[in-house]
Amino acid sequence: MSDQLPPVAVSAPGKVLLAGGYLVLDRKYTGLVFGLDARIHVHIKPVATGTGVTISEITVESPQFEGAIWEYGYRLAGGGGGINVTQLRADADLSLNRNPFIETALAYALSYISNEVPGMITPAHITILADNSYYSTSSPSSRFHDFGVPLSAAHKTGLGSSAALVTAFTAALLSHYLPSNVFDLHSERGRRRVHNLAQAAHCAAQGKVGSGFDVASAVFGSCLYRRFSPSILTSQGEPASPNFAANLRNLINESGEGAEWDTEILKDRVKVPQGLRLIMCDVSCGSQTPGMVKQVLKWRQDTGEEAEELWRRLQQSNEDLAQELVNLAENGGSYDKLKDCIGEIRTYIRKMSAMSGVPIEPPAQTELIDACCQIEGVIGGVVPGAGGYDAIALLIEDKEEVIQKLAKLLDGWEVKTQAEEGPSVGKVSILGVREEMQGVRMEDSRGYGDWIEYALEK
Ligand SMILES: Nc1ncnc2c1ncn2[C@@H]1O[C@H](COP(=O)(O)OP(=O)(O)O)[C@@H](O)[C@H]1O
Ligand SMILES: C[C@@](O)(CCOP(=O)(O)OP(=O)(O)O)CC(=O)O
């Protein structure tokens, strides 16, 4: 037993893109992204194998959900293809319950690890534990609630579960299998590798290259983010295809001329003044981000200079907001300018909505944010990310009475949507989350008590 690798645990935060939705897809512009104190935790422990028995299996389990267990066999692929990961079936008649984010992140991370230090991959049991706010608007008493439904039936609150998961999962695998002189999550170099690997795996699992602000904030925490050039990921190839491992190594380690990722993470351009906090409200209707992105980008392309002018003005307003937050954090002062900055952003977003015909800040959300802003202690609010009917993010004074007044306002509030399928009505709930500056981090692997035992007993 003594030669077994020690257990590890890693967590990564959720996100909210407070300003820069759509703009951040283009490297000319930036996004103001906050990490949130809702985290996804990944715990890895070795599985003892009996003498003479060689099994090459990794089991991944998400015990908060029904049937959320995935078993994988792994082996070295020929032709330098890295590690081939195959999901195992408990029963030949059962259909496979696939989890593309886990499967892809596993294939990418194991391929990278086996190329860095051959022969390191021993059987393991991996447990995923997500803070409740990812799937719940109430506050269950248990730290990691048993939702009692399959993952596919869970209500997602839009905090970026897949990015936090892929980031924590990747960092945990590298920390578990690689010696600390090869990989160290505490070092800048280590975090950069996690970032590159998680971005590559997340894009591959999603089947598209987004701006990556969610993975970047999961790794580095709150920041002003400029995306990587999408071309970095275009010639990567599939896991198990010839030379996948060597190509992946060059991509992740940024080796060779011109191989450096051009992502920009500006941490010191983001601050929250003392006495203020972010708060998120979930709107139960939801919007389909990919459809909205397509429409907005098409409108931008068709419209040319007029759209570009709007993009430039919005970028300026977003930068003004970031700057005023830093200014107040460092020097104090009244919130008047901050309110103006948020107001200006909303004016441009509504213009973007009206001109593109995409409901980014639709009238029902305008009404909701305006009503919240009437409450004393609410500085301002926006539709975060792609906007739509998903959520609102508010900047408020960090006082319990402000939250209580908000809760009273929102109780019974109805957001009426005009979706293509017909009108519907959504409820609004405050999520128990706030901003957090820190990104991915090591956790005490003994700090999960029964949750890990429970996971293994089932
Ligand atoms: N707790 C979890 N355990 C296992 N997989 C998860 C968990 N949370 C999220 N995922 C994975 O992430 C997917 C959701 O990702 P996505 O639809 O992009 O939502 P989000 O916007 O929250 O990232 C799920 O289908 C699943 O594959
Ligand atoms: C439009 C975007 O710039 C921002 C979307 O932000 P959201 O936070 O709305 O994203 P989802 O979690 O995928 O719903 C697209 C992008 O940057 O990739």
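Trainee: What percentage of the 458 residues in the protein do buried residues make up?

Mentor: The model is a predicted one. In it, buried residues make up 45% of the 458 residues.

Trainee: What radius of gyration does the protein have, and what would a compact globule have?

Mentor: The protein has 23 Å, and a compact globule with 458 residues would have a radius near 23 Å, so the two agree. For the extents, the C-alpha trace spans about 70 × 50 × 50 Å along the principal axes. In secondary structure, the protein comes to eleven helices and 16 strands. Contacts with a sequence separation of 6 or more can also be sorted: residues 24 or more positions apart account for 75% of them.

Trainee: Which domains does the domain assignment give?

Mentor: Domain 1 covers 8-267 + 438-457, and domain 2 covers 271-435. Their centres, taken over C-alpha atoms, are separated by 29 Å. Across the boundary, 23 residues of domain 1 are in contact with 25 residues of domain 2. On the domain 1 side, β1 (8-19) and β2 (31-46) each supply at least two of the touching residues. Strand β2 gives the most, with six residues. By class, that side has 13 nonpolar, nine polar and one charged residues.

Trainee: Why does ligand 2 lie between the domains?

Mentor: Look at where the shell residues come from. Domain 1 and domain 2 both give residues to the shell around ligand 2, so the ligand lies between them. There are 14 residues around ligand 2, and G210, S211, T289, G385 and A386 come nearest. The shell divides into seven nonpolar, seven polar and no charged residues.

Trainee: How many residues surround ligand 1, and which are the closest?

Mentor: Ligand 1 is surrounded by 16 residues, with S62, F101, A130, S161 and S162 the closest. Helix α1 (100-116), strand β6 (124-130) and helix α2 each supply at least two residues of this shell. Helix α2 gives the most, with four residues. By class, the shell around ligand 1 has nine nonpolar, six polar and one charged residues.

Trainee: How should I read a helix, and is α4 mostly covered or mostly exposed?

Mentor: As a general idea, an α-helix has 3.6 residues a turn, so residues three or four places apart point the same way. Helix α4 (residues 213-220) is mostly covered, with eight of its eight residues buried. The buried residues are F213, D214, V215, A216, S217, A218, V219 and F220. They pack against β1, β2, α2 (161-177), α3 (188-206), β7 (223-226) and β8 (264-266). After α4 comes G221, which has a positive phi near 80°.

Trainee: Where is S133 placed, and is it buried or exposed?

Mentor: S133 is in the loop between β6 and α2. It is buried, with 21 other C-beta atoms within 10 Å. Leaving aside neighbours within four places in sequence, S133 is in contact with A38, T157, L159, L431, G432 and V433. S133 and A391 are 258 residues apart in sequence and 13 Å apart in space, C-alpha to C-alpha.

Trainee: How do strands β4 and β5 run, parallel or antiparallel?

Mentor: In a regular strand the side chains alternate between the two faces of the sheet. Strands β4 (residues 69-76) and β5 (residues 83-88) run antiparallel and are joined by six bridges. R75 stands opposite N84 in β5. The hairpin has six residues between the strands, and G79 in the hairpin takes a positive phi near 65°.

Note on methods
Residues are numbered from 1 along each chain as its sequence is written. Chains are lettered from A and ligands numbered from 1 in the order in which they are written. A residue is near a molecule or strand if its C-beta atom, placed from the backbone, lies within 6 Å of it. Ala, Val, Leu, Ile, Met, Phe, Trp, Tyr, Cys and Pro count as nonpolar, Asp, Glu, Lys and Arg as charged, and the others, Gly among them, as polar. Domain bounds come from an automatic or database domain assignment. The radius of gyration is taken over C-alpha atoms; the globule rule is 2.2 Å times the number of residues to the power 0.38. A residue is buried if 20 or more other C-beta atoms lie within 10 Å of its own, exposed if 12 or fewer, and partly exposed in between; C-beta atoms are placed from the backbone. Two residues are in contact if their C-beta atoms, placed from the backbone, lie within 7 Å. Two strands pair if DSSP finds at least two bridges between them.
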